[in-house]
Amino acid sequence: MERYYAGESPAAIFRETGLDPSLIGYKRIERSIARWRHPGNSAPAGVESSHVAADHRAVRQENRVLRSKVAALEGLVKLANARSNAVVRKGRRFELIERVRESVPDFSVSVACKTLGVSEGGYYRWRSTKE
């Protein structure tokens, strides 16, 4: 790819390796270069692009979980401040989850439920009775 980016034609690179481009056809050589040129395939040297994509997915998922935990905990702190020393009812925690879910894109209800100490099924039951 370095030679291609330096301006050499794909057929010339193929020919220089000792192979006749007519062996597989000029069009196939061009197509293979086009696949490597695709933006999704631009991985660092020595790293396969599928590994990079998997790493990106894992980081995005971890980021989503962390944002959900932060939002849920910030809401819990607000609730705790409002109720000072009293225990926060499950209904109030469900309301918090609902408000945060509506305002935070990519919010994970399951992570919020675990963080706030309520069941996910309980949240969805509460939500169905609310409507």
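This is a predicted model: local features need pLDDT of at least 70, side-chain atom pairs count only at pLDDT 80 or more; totals for chains, interfaces and linings use all residues.
User: What should helix 5 (residues 90-103) span at 1.5 Å a residue, and how far apart are its end C-alpha atoms?
Analyst: The 14 residues should span 20 Å, and the end C-alpha atoms are 20 Å apart, which agrees. The expected span is 1.5 Å times one less than the number of residues. Helices are DSSP runs (H or I, at least four residues), numbered from the N terminus.

User: Which residues of helix 5 are buried?
Analyst: Gly91, Arg93, Phe94, Leu96, Ile97, Glu98 and Val100. Buried means under 20% relative accessible area, exposed over 50%, partly exposed in between (1.4 Å probe, protein chains only).

User: Switching to rings. How many aromatic pairs are there?
Analyst: Four. Rings of Phe, Tyr and Trp (its six-membered ring) pair if their centres lie within 6.5 Å; planes under 30 degrees apart are stacked, over 60 edge-to-face, the rest tilted. Phe94 and Trp126 form a tilted pair, 5.8 Å centre to centre, with 35° between the planes.

User: Which helices does that pair tie together?
Analyst: Phe94 lies in helix 5 and Trp126 in helix 7 (residues 120-130), so the pair ties together parts that are 32 residues apart in sequence. Phe94 is buried at 8%. Trp126 is buried too, at 18%.

User: And what about Tyr123 and Tyr124?
Analyst: They pair edge-to-face, 5.0 Å centre to centre, at 65°. Tyr123 is buried at 0%, while Tyr124 is partly exposed at 37%. Ring pairs link Phe94, Tyr123, Tyr124 and Trp126 into a cluster.

Technical notes:
Residues are numbered from 1 along each chain as its sequence is written. Side-chain values use heavy atoms; hydrogens and water are left out. Helices (H or I, at least four residues) and strands (E, at least two) are DSSP runs, numbered from the N terminus.
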